[in-house]
2 protein chains.
Amino acid sequence: MTTSNILAQINRHISLDERESLYFSSLLIHAKIKQGDYLETAGVITQNFIHVESGCLMSYYTDKGGDDHVIQFSTSGWWTGDLHSFTKNQPAVYSTRALTDSSVFYLLKSDMDQLLERYPKFERYFRILFQNALITQVDRIIHSFSDTAEDRYEQFQQKYPSLQQYVPLKCIASYLGITPEFLSKIRKRQTEK
Amino acid sequence: MTTSNILAQINRHISLDERESLYFSSLLIHAKIKQGDYLETAGVITQNFIHVESGCLMSYYTDKGGDDHVIQFSTSGWWTGDLHSFTKNQPAVYSTRALTDSSVFYLLKSDMDQLLERYPKFERYFRILFQNALITQVDRIIHSFSDTAEDRYEQFQQKYPSLQQYVPLKCIASYLGITPEFLSKIRKRQTEK
DNA sequence: CGTCTATTTGAATGTACTCAAAAGCGGTGG
DNA sequence: CCACCGCTTTTGAGTACATTCAAATAGACG
């Protein structure tokens, strides 16, 4: 366990001095997560913003009909968590669990608030982080409207080739917004080409 | 034309003193836009982040097949623009035009960069802005996957009741990710209830 | 008043879903 | 090492939600 990766990532956007790095590191709570374990649960208020050091997490939402919808896969270097719950102290609408054994850092909301008060420089880092995440999500909306399921699957394969090794097909289907049966048929068609 | 609305909005998240308010106001470029006019065009690099003072704008994306997909409607108090283009100096993938006569402020990228250098306090404002926008977009993805078109239309009506007065049906259909014909049929069903 | 565009309506079609069953795959215990 | 269990993936048939295309109607604007 080391905070050097996350610090390096932050330093790509803002430059931290020794004091700032140490303070930030002191706020991070490290945890090892076993495959299948929950990091946050729908219905419960989330106090944590989660940074993945290694492994792979999945955030998903369960609708009224009981069907799951994967919102995001998070691998090394990504932040995740139910931002709505975290930001507004509302019960989470989605759950996050580990697809593989993982190593993560938690940043408590109260600590993040203090961090931003004490070193406003971090506002910039999170501004850039959210700005980029927003761009990504808008892009996803665009593609979910204008592309067929088959196109989206091919883009997914290109974008996240490594994920396919350990993410079950049904989770990928859910991420793409289709049923596992239908994704299976898409794959069959692909191999026939 | 006055910057008081936008300043009031910013002051809900950070408190600006006289000097900061004046400097920020000095960067804003005001423009009156006629219905149908373009504020930015797909293919062109966007230099502006756009704040709507009054009226209504629409941002949309044209896919390879030539079909338009509305990404966002922006009314008074909203920021809009192709963030990807603005942030990374890439050609815009979407266009923005006025659905009604509108009044807007442009904030140039170079001015925004300077603003953030000079008064880092604004980082906080934009961090919160993007964080909230991100929450909204993720929410939209969730609903577009788990709800039927009819449900999404009803939610749209509840959320943006005023938009229906001046937004053409075909634009609403596009925003919901369905064809105008199908939305027309949904509305027929609604009135039959 | 005529033209142009937006909306409605209907019929045929397609993409993706549901339900059901079979096949594959990984782990566990005998 | 094999047999069995549970879970994932595949396959197929029937269905539903939404689309396409075409035509009729309604609205907006000069």
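I began with the sheet of chain B, which is open, has four strands in the order β2-β7-β4-β5 and pairs antiparallel. I took strands as DSSP runs of E of at least two residues and helices as runs of H or I of at least four, numbered from the N terminus. Two strands pair if DSSP finds at least two bridges between them. The model is predicted, so I kept to its rules: local features need pLDDT of at least 70, side-chain atom pairs count only at pLDDT 80 or more, and totals for chains, interfaces and linings use all residues. Residues are numbered from 1 along each chain as its sequence is written, with chains lettered from A and ligands numbered from 1 in the order in which they are written.

Strands β4 (residues 56-62) and β7 (residues 94-98) of chain B run antiparallel and are joined by five bridges. L57(B) stands opposite A98(B) in β7(B).

Which helices lie on these strands? Helix α5 (residues 121-146) of chain A lies across β4 and β5 of chain B, at about 140° to β5(B). Helix α7 (residues 169-176) of chain B also touches β4 and β5 of chain B, and its direction makes about 105° with that of β5(B). For these angles, axes are lines fitted to C-alpha atoms, for helices over the stretch in contact, and the range is 0 to 180 degrees between N-to-C directions.

I turned to the contact between the chains, which takes 27 residues from chain B and 27 residues from chain A. Contact here means C-beta atoms, placed from the backbone, within 7 Å. On the side of chain B that touches chain A, β5, α3 (83-88) and α5 (121-146) of chain B each give two or more residues. The largest share, 17 residues, comes from α5(B). I noted the classes on this side as 13 nonpolar, eight polar and six charged. Nonpolar covers Ala, Val, Leu, Ile, Met, Phe, Trp, Tyr, Cys and Pro; charged covers Asp, Glu, Lys and Arg; the others, Gly among them, are polar. The copies meet through the same surface, because 100% of the interface residues of chain B are also interface residues in chain A.

Last, DNA strand D. Of the 16 residues around DNA strand D, L169(A), S184(A), A149(B), I178(B) and F182(B) come nearest; a residue counts if its C-beta atom, placed from the backbone, lies within 6 Å. α8(A) gives the most to this surface, with six residues.

Notes. Contact = placed C-beta atoms within 7 Å.
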